[in-house]
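Please have the structure open as you read.

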Amino acid sequence: MAATQAAQDLVGLFPNGTSLDATGALVLGGVPVAELAETYGTPALIVDEPSIRARARRYADGLAARWPNSRATFASKAFPCTAVYRLLAEEGLGIDVAGGGELTLALAAGADPAGLVVHGNAKTEEELRLAVEAGAGTIVVDNFDDIDKLEAILDATGAEQGVLVRVTPDIRPDTHEAISTGQNGSKFGLLLPQAREAIARLRGSDRLRLDGVHVHVGSQILDLEPFGQAVEAVAELGEFAVYDLGGGLGSRYTYTDHPPTVEAYLDAMTDVAKRLLPTDARILIEPGRSMVAESGVSLYRVVSVKRGGGHTFVAVDGGMGDNLEVSLYQQRFEAAIATRPTGEGELCRLVGRHCESGDTLSAGVRLEDPRVGDLIAVPVTGAYTYALSNNYNGARRPPVVFVRDGEHRAVVRRETYADLMRRDLP
Ligand code: LLP
């Protein structure tokens with residue numbers, strides 16, 4: 001059957017490996033959605049493995065072509081499960097971890113410690129010790145307390161540690177306030193005068209080896225200007241061996257989002273780097289969202305359809321327990337009835353099962369005759385969904401299922417009620 005333009009637009013938001021079968025139902029990575037829902041239940045997070053690999057290669061190859069002494073690193077906070085760490089480590093990427101938990105997961109997945117970049121604005125002594133003892137290649141100093149703590153740890157062990165200074169360049173990208181980190185007033189990093197002071201102090205340190213500087217100005221950024229500005233800002237701090245330029249490239253969540261391509265994003269940074277940075281410097285980048293977002297699809301089951309007051313509420317069996325992006329950042333998602341993704345029909349409010357009015361997956365989405373029991377697919381849910389999933393209202397966090405070439409495998413199982421009680425003491 002020939003898909004309408006609306007249906008084609010809708011399917012275009014799903015991962016590259018997505019198609020429609022003879023009945024018009026979605027097929028993810030060669031696997032019919034109904035089979036996935038039947039095998040794993042709902043809600044479930046389906047991940048098209050080849051999409052992540054393709055994106056990782058595009059980043060790694062694209063960066064190397066523009067700046068050979070470089071490495072693409074995955075900001076693992078976007079999707080911190082060992083299967084994803086393993087996949088990106090296999091693709092040759094470094095791994096950025098924020099804190100001891102992500103560090104532990106990365107090591108468990110077999111990531112090379114030398115390629116770890118350790119972040120956090122509130123790293124505890126325990127976490128810093130863990131990072132030093134694991135042999136983490138790079139620790140990003142966010143504040144002067146990090147320096148004090150690291151010096152004390154290294155004085156005791158006699159080891160040397162490579163560090164970068166996180167710089168807050170006072171750039172305000174056009175993104176949601178909650179995910180903007182480059183401006184004066186951000187809790188992250190050091191403003192230029194304080195960064196200079198930290199650099200001077202680190203240059204005099206016996207055990208801390210100042211490799212360079214780090215900058216990350218925010219997330220879901222849809223224009224290129226801030227990325228070039230960030231490079232200009234770090235260039236002002238002088239010449240270093242390493243410049244970590246962070247992440248932040250936005251993803252295409254809805255029809256109206258038009259993020260720059262990976263290549264345009266890399267050009268924006270390396271064009272400025274070619275003018276202002278030492279030619280023998282090493283450049284790191286840390287994409288998170290744009291590495292994984294478009295590979296993920298959340299599957300839900302419709303539990304209730306309620307009409308009244310001019311609204312149609314389509315309520316599903318998940319929501320803010322498995323996707324906090326709407327509540328936290330008013331992220332907009334499109335959605336489809338997975339067995340008939342027409343992109344047409346009644347304007348509905350797709351809501352979750354949680355006890356919050358803000359528990360909405362999509363404030364306005366067209367669904368074709370939604371009925372209880374229908375399967376709903378929400379595309380572009382690969383980033384910061386699993387990471388922020390929670391047990392609100394006793395929700396059991398959903399499984400993560402990889403699909404590729406017609407095959408599927410769970411890489412994280414669904415939580416059970418027994419899991420929910422595991423930490424409660426009698
Ligand atoms: N590097 C650092 C130091 C970061 O803090 C982040 C994200 C990244 C890299 C990766 O940025 P990305 O490429 O993913 O934009 N929880 C929010 C997003 C918070 C982003 C935090 N930092 C959300 O759900 O939208």
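A word on the ground rules. This is a predicted model, in which local features need pLDDT of at least 70 and side-chain atom pairs count only at pLDDT 80 or more, while totals for chains, interfaces and linings use all residues. Residues are numbered from 1 along each chain as its sequence is written, and side-chain values use heavy atoms, with hydrogens and water left out.

**The two domains**

Domain 1 covers 3-48 + 293-420 and domain 2 covers 112-287, with bounds from an automatic or database domain assignment. Their centres, taken over C-alpha atoms, lie 34 Å apart. The contact (heavy atoms within 4.5 Å) takes 16 residues from domain 1 and 11 residues from domain 2. About 1,200 Å² is buried between the domains, and carbon and sulfur atoms give 54% of that area; buried area is the accessible area (1.4 Å probe) that two parts lose on being put together, summed over both. Leu 13, Tyr 329 and Arg 332 supply 35% of what domain 1 buries against domain 2, more than any other three residues. The count of salt bridges between the two domains is 0.

**Salt bridges**

Elsewhere, charged pairs do turn up: the whole structure holds 25 salt bridges, each a side-chain nitrogen of Lys or Arg within 4 Å of a carboxyl oxygen of Asp or Glu. Three of them are listed here.

| Pair | Closest N to O distance |
|---|---|
| Asp 211 and Arg 209 | 2.8 Å |
| Arg 307 and Glu 346 | 2.8 Å |

Arg 307 sits in strand β14 (residues 296-308) and Glu 346 in strand β17 (residues 346-351), 39 residues apart; strands (E, at least two residues) and helices (H or I, at least four) are DSSP runs, numbered from the N terminus.

Arg 57 lies in helix α3 and Glu 91 in the loop between α4 and β6, so this pair ties together parts 34 residues apart in sequence. Arg 57 is partly exposed at 44% relative accessibility, whereas Glu 91 is buried at 16% (buried is under 20%, exposed over 50%, partly exposed in between, with a 1.4 Å probe and protein chains only).
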